[in-house]
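Good morning, and thank you for coming. Please look at the structure on the screen while I take you through it.

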Amino acid sequence: MRPKKQVKLADIAEKLGTSIVSVSNALAGRKGVSEELRARAVRCAKEMGYPVKERAPGAAARILVLTYENEAEEAAVSLAALRAATAGVGFELERRTLRRGGSGNFAIPEAMTVGGSESTAGESGDGFAIPEARADDGFTFPAAESIAGIIFSERMAEADLRAVCEALPGVPAVGYNFFDCHVPIDYICDDGFHGIGIAYRELYRLGHRDICLVTPDVPEADAIDRYLGFLFEASQHGQCGAEEEIDSSLEHFLLRLGGGSHGSVERRPTAGNSGSEERRPTAALCTDDKTAAAVLREARKLGIRVPDELSVTGYRRAARKGSTNAGDDGVDLTSVICDERLLAEKCVDTIRKRAAKGNEPDGIRLLIGTLHGGATTAPPPGS
Amino acid sequence: MAGKKLKDVAEATGVSVVTVSNALGGRRGVGEATAAEIREKAEAMGVDLTRYEKKERSATIGVLVSRTYISVGVSFYWALYEKTAYAASRRHCFTMLEMIEDESDDAPLPQILGAEKIDGLIVVGAIRERYMRRVLGAANVPVVLLDFYRPEYACDGVLSNNYIGAYRAAQYLVDRGHRELGFIGTAETSRNVAERFMGFRKCLLENGIPLRREFIIRERDIRTEEICLVLPETLPTAFFCSSDYAAEYLILRLKERGLLVPEDISVASYDDYLYRRQDANPLTTYHVDMEKMAKIAVKLILKKLRSGGSFRGVRYVDSAMVERGSVRAL
């Protein structure tokens, strides 16, 4: 792409009255050159037609951040964390949106779902959601060479992941807080499976033996990992068998909380207290904060005191560990915090390392959260 | 930086090039004060010091392995120890191996813990819990657990990505048309196997496949931990085995029934190291990346030695399926 008459570093050096090495360093973004000289060198090089690389090591490198149109609520959280993680470390983010219409190949099991808010707008299943580059929606991919990496900042359909990776071959790609085992890129993911165990062990430590898992009536994909993580932890503590299947729906739990009215909900054994169905559980281990808030509301309605008579824990994504996210009634909820900042930093780190070393993807990397000890947990009554 | 060499620093400080080199490299033969002065000067002159920082002093890393794991000829943990020793030598460290013969409560503690012989400790493979607690209590060096973990130990661990790996293996079967899946493994005897069982369940849940208890088969007696694999009358179309060993026993049992793998029944497993054995079946299996695990374990020890870092948690090392033809697409 160079012009016919090649401009050499020596020409630029001569014009600026400095050494060739300095010009080289300046254009390559290496240290040892003042920013003032660097700016002059870049300007001069461009004027003279010397090819200045868009992505110079040390200079800001572009990371493409992909979300869907009408992004999921959680994408906003990821974007904020990514912005914080890239600030001042030599990366700049460039956001692009994909049109939905992926195949939605994620099937939520019948046992865990009621209805479907699962966001697949285009159900036609036409697969590839990336529209052709068109001027009116401005959707074109930049040249692969000008991109340091790609971050998929929300769960995306397999076809979409593949299409993006094929459009930008050789560019390190990272999935943010989800994974797809069919597309071999890097994934940095909150470890919901082990994470839920943090809350379980805290409740167990406090003396609870009637710990009940509560999932929303319309669970998100993450709920499966937390559901299985609960069964794993409970079986490790000898509270249930690893093969057990439990009804963890909020509806079911609220009925148990209320005692008498059984309604139409089918009663299945619940981990931790098989056979003691009539007894009220002493702890509600919720797979997310919203569900925990619903439990708290119901408990208040029924006159059940939290945490004296019932301990409640949640699970949330937060930009900083330990940050409190008091429920709508100002209750400081004990919760497992998925550290969004850490996830974002690891994403950026992964791109940096892969760009520098050119190594293969590491696959799915799980990062565990931390416990925020709030005011909704205490030893069980009568202990 | 252009042209700023050791020679320039030597000239500016009025000492020889060798002295500058020694000072920056942290070697002997230079007084503390002079060395500090040279380092300061070199930094001010813009000499690239990063290559000096990379040099770390050599450390001795103790490795503990329970003898019960090593007794087998080609044992998984023997291989893992090899990788650890190699990873350490790549980082200019030595390893000292000690096998634990006796893990009872009144058994003596490992000798390598005494007399300041080691700078760090890597424990390869689970050791009886009470003995492990005593080891952790006595070890006043950084400890990393390799291929096992318990939250109560509050210790760094490097493990295979059990939950995800098993999920990958089961999904591999589902992707090839299998809807009737069985599990071979004894979740009660090992945390790793229990995690793999849950990864298997994740795959079933996501694909809407019911969990059939008659297809969950323990290959060991829970109490004696002896091998006893009994297959039910009706069989699924494919099995996920929690280890290559379990897969070998399964294939043996299937053969007794006159069933062939993969023609009659598909098998995917976990570990990928038995293929070294001459008589081993060619298994399609999830690869446990021992090299990477060992490398990370050594890196963790050195990091902790350098910066005194505390508990960091568990690192699950992911990998991929290795296809060797024990799975047939339906």
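Let me begin with a term: helices (H or I, at least four residues) and strands (E, at least two) are DSSP runs, numbered from the N terminus. This is a predicted model, in which local features need pLDDT of at least 70 and side-chain atom pairs count only at pLDDT 80 or more, while totals for chains, interfaces and linings use all residues. Residues are numbered from 1 along each chain as its sequence is written, chains are lettered from A and ligands numbered from 1 in the order in which they are written, and side-chain values use heavy atoms, with hydrogens and water left out.

I start with one residue, B:Glu195, which lies in helix α9 (residues 191-206) of chain B. Is B:Glu195 buried or exposed? A residue is called buried under 20% relative accessible area, exposed over 50%, and partly exposed in between, with a 1.4 Å probe and protein chains only. B:Glu195 has a relative accessibility of 2% and therefore counts as buried. Which residues does B:Glu195 touch, leaving aside its neighbours within four places in sequence? Contact means heavy atoms within 4.5 Å. By that rule, B:Glu195 is in contact with A:Phe193, A:His194 and A:Phe232 of chain A, and with B:Asn162, B:Tyr163 and B:Tyr316 of chain B. As for B:Tyr167, it is 28 residues from B:Glu195 along the chain, and their C-alpha atoms are separated by 9.9 Å.

B:Tyr86 has 51% relative accessibility, so it counts as exposed. Between B:Tyr86 and B:Met198 there are 33 Å from C-alpha to C-alpha, and the two are 112 residues apart in sequence.

Now to chain B as a whole. Chain B has eleven helices and twelve strands. Why is chain B described as more spread out than a compact globule? Its radius of gyration is 26 Å, well over the 20 Å that the globule rule gives for 330 residues. Here the radius is taken over C-alpha atoms, and the rule is 2.2 Å times the number of residues to the power 0.38. Along its principal axes, the C-alpha trace of chain B spans about 85 × 55 × 35 Å. Of the 330 residues in chain B, 53% are buried. Among contacts in chain B between residues at least 6 apart in sequence, 68% join residues at least 24 apart.

Chain B carries 48 positive and 45 negative side chains, and the centres of the two sets lie 5 Å apart. In this count Lys and Arg are positive and Asp and Glu negative, while His and the chain ends are not counted; the place of a charge is NZ of Lys, CZ of Arg, CG of Asp or CD of Glu.

Next, chain A. Its secondary structure comes to ten helices and eleven strands, and 51% of its 383 residues count as buried. In helix α5 (residues 158-167) of chain A, the buried residues are A:Glu158, A:Ala159, A:Asp160, A:Leu161, A:Ala163 and A:Val164. They pack against four strands of chain A, namely β1 (61-68), β2 (91-98), β3 (149-152) and β5 (186-190).

I turn to cysteines. How many disulfides are there over all chains? A disulfide is a pair of cysteine sulfur atoms within 2.5 Å, and by this rule the count is zero. B:Cys203 is in no disulfide, and the nearest cysteine sulfur, that of A:Cys181, is 7.9 Å away. B:Cys203 is buried, with a relative accessible area of 0%. For B:Cys228, the closest cysteine sulfur is in B:Cys241, at 15 Å, which is too far for a bond. B:Cys228 is partly exposed, at 34% relative accessibility.

Finally, some details of the backbone. A cis peptide bond joins A:Val306 and A:Pro307, with omega about 5°, and A:Pro307 is found in the loop between α9 (289-302) and β8 (311-318) of chain A. In chain B, a cis peptide bond joins B:Val261 and B:Pro262, again with omega about 5°. B:Pro262 is found in the loop between α10 (244-256) and β9 (266-271) of chain B.

B:His92, in the loop between α6 and β2 (94-100) of chain B, has a phi near 60°, a positive value in a residue other than glycine. B:His92 counts as exposed, at 57% relative accessibility. Thank you for your attention.
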